[in-house]
Structures are given as structure tokens and as C-alpha cells.
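Colleague: I'd like to learn how to read a fold from its coordinates. Could we go through one together?

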Amino acid sequence: MSVMEAAFRPNRAALEESPEYFWERFSGYAQTWPVCPEPLGSPLLEVLTPLGPLYAFDRTLVHFSGSETPVIVHGEVEHWEATQDTNALQHLGGGRYQMTGRVQAVLDATYFVLQVQGSGGESSLQVVLAASNLPGVGSWITVQLKPPLMVFRPESYSR
């Protein structure tokens, strides 16, 4: 193998086969929130959650004019660690987020669902996360996510 081939050889498997497959597989974790598209055709959407706005890359190819819609919030874990019984969401700038919550479910060897509860008993945010090593169900963890945070919408998948 040449140096050039080695440089472009993927070093891990893809996390998703397609946006349609991802929606079909994880739509049970979709939640409906007000969603606003960013101006000038940006691929970013502003998802208005009880914990504050999330700026996420829209994985759906169909144009979106804005309203409440079901979305799956998805991220890839850069690092996680055990923490205390608490909930938090922090935008670290750019496409980076840090979230603290309880592991609601482990879905397979790659995916788990983190539930971050809003303050004052508000609705919780469920995030489908991918990681190379998974925490246990019921664990309280803090995760730092790799950019970008992503959202999947159903609009383009009901053809």
C-alpha cells in the first residue's frame, strides 16, 4: 500500500449506513421541539430545547422552513467520565458540546442514549450517542462531544 493510499484509508467503520436508516433505527428516541433554520441556506438548525438552544448540523436533505418537528439529536463522544447525580448542557463553542446526564439505554456495542433533565422538572433531552466504550445503563456521566452535533428529521424519509 502506498503512503497516499494509507493516508486516505478509513481507520474505522462508518457510524451510519444512511440518514434514512438512522431515522428508521432510532426514531423511537425522536422528540418534538421548535426548530429554526439558520439564514442563507446554512446546514445548521437551531433546536430550542428546555435546556437551551442546540446548534446542530441538519442531516436531512430536504429544505426546512421552520416549525416544531420531531428530531433525533445525535453526537459522537470524544470523552466521557462518571459524575455525580446532576444534569447540565453546555455549548463549548463551534460545534462542541458537553452534557451531563443519566444513561437511559445501551442500544448495542456502539450506541447509547443519554437523558439530560431540564431544571425544575422540565422535559428531558434524549441524545443518541456513539462511543467506542460504553457506560452502563443508569450511570451518571459527563460527555464531551466531537463536532458537529447532528439532527435527523423525518421529512425526507417518508417518500
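Modeller: Gladly, and let's begin with one residue. If we set aside neighbours within four places in sequence, Ser 124 is in contact with Gln 31, Trp 33, Gln 115, Val 116, Gln 117 and Gly 118; contact means heavy atoms within 4.5 Å. This is a predicted model, where local features need pLDDT of at least 70, side-chain atom pairs count only at pLDDT 80 or more, and totals for chains, interfaces and linings use all residues. Residues are numbered from 1 along each chain as its sequence is written, and side-chain values use heavy atoms, with hydrogens and water left out.

Colleague: Is Ser 124 buried or exposed?

Modeller: Buried means under 20% relative accessible area, exposed over 50%, and partly exposed in between, using a 1.4 Å probe and protein chains only. Ser 124 has a relative accessible area of 13%, so Ser 124 is buried. Its side chain also makes a polar contact with the side chain of Gln 115, at 3.1 Å. A polar contact is a pair of N or O atoms within 3.5 Å; within protein, one must be able to donate a hydrogen and the other to accept it, and residues adjacent in sequence count only if both atoms are side-chain atoms.

Colleague: Which strand holds Ser 124?

Modeller: Strand 8, residues 124–130. Helices (H or I, at least four residues) and strands (E, at least two) are DSSP runs, numbered from the N terminus. The protein has two helices and nine strands, and the order from the N terminus is α-α-β-β-β-β-β-β-β-β-β.

Colleague: How should I read a nonpolar core?

Modeller: In soluble globular proteins, nonpolar side chains tend to be buried together. A nonpolar core is a set of buried Ala, Val, Leu, Ile, Met, Phe, Trp, Tyr and Cys residues joined through side-chain atoms within 4.5 Å. Here the largest one has 26 residues, and Met 99, Phe 112 and Val 143 have the most contacts inside it. Strand 9 gives the most to this core, with five residues. A second, separate core of 10 residues includes Tyr 111, Val 113, Val 128 and Met 150.

Colleague: What is the relative accessible area of Gly 101?

Modeller: It is 0%, so Gly 101 is buried. Gly 101 lies in strand 6, and beyond four places in sequence its partners include Leu 114, Gln 115 and Ser 139. The C-alpha atoms of Gly 101 and Ser 139 are separated by 8.3 Å, although these residues are 38 apart along the chain.

Colleague: And what share of the whole protein is buried?

Modeller: Of its 159 residues, 38% count as buried.
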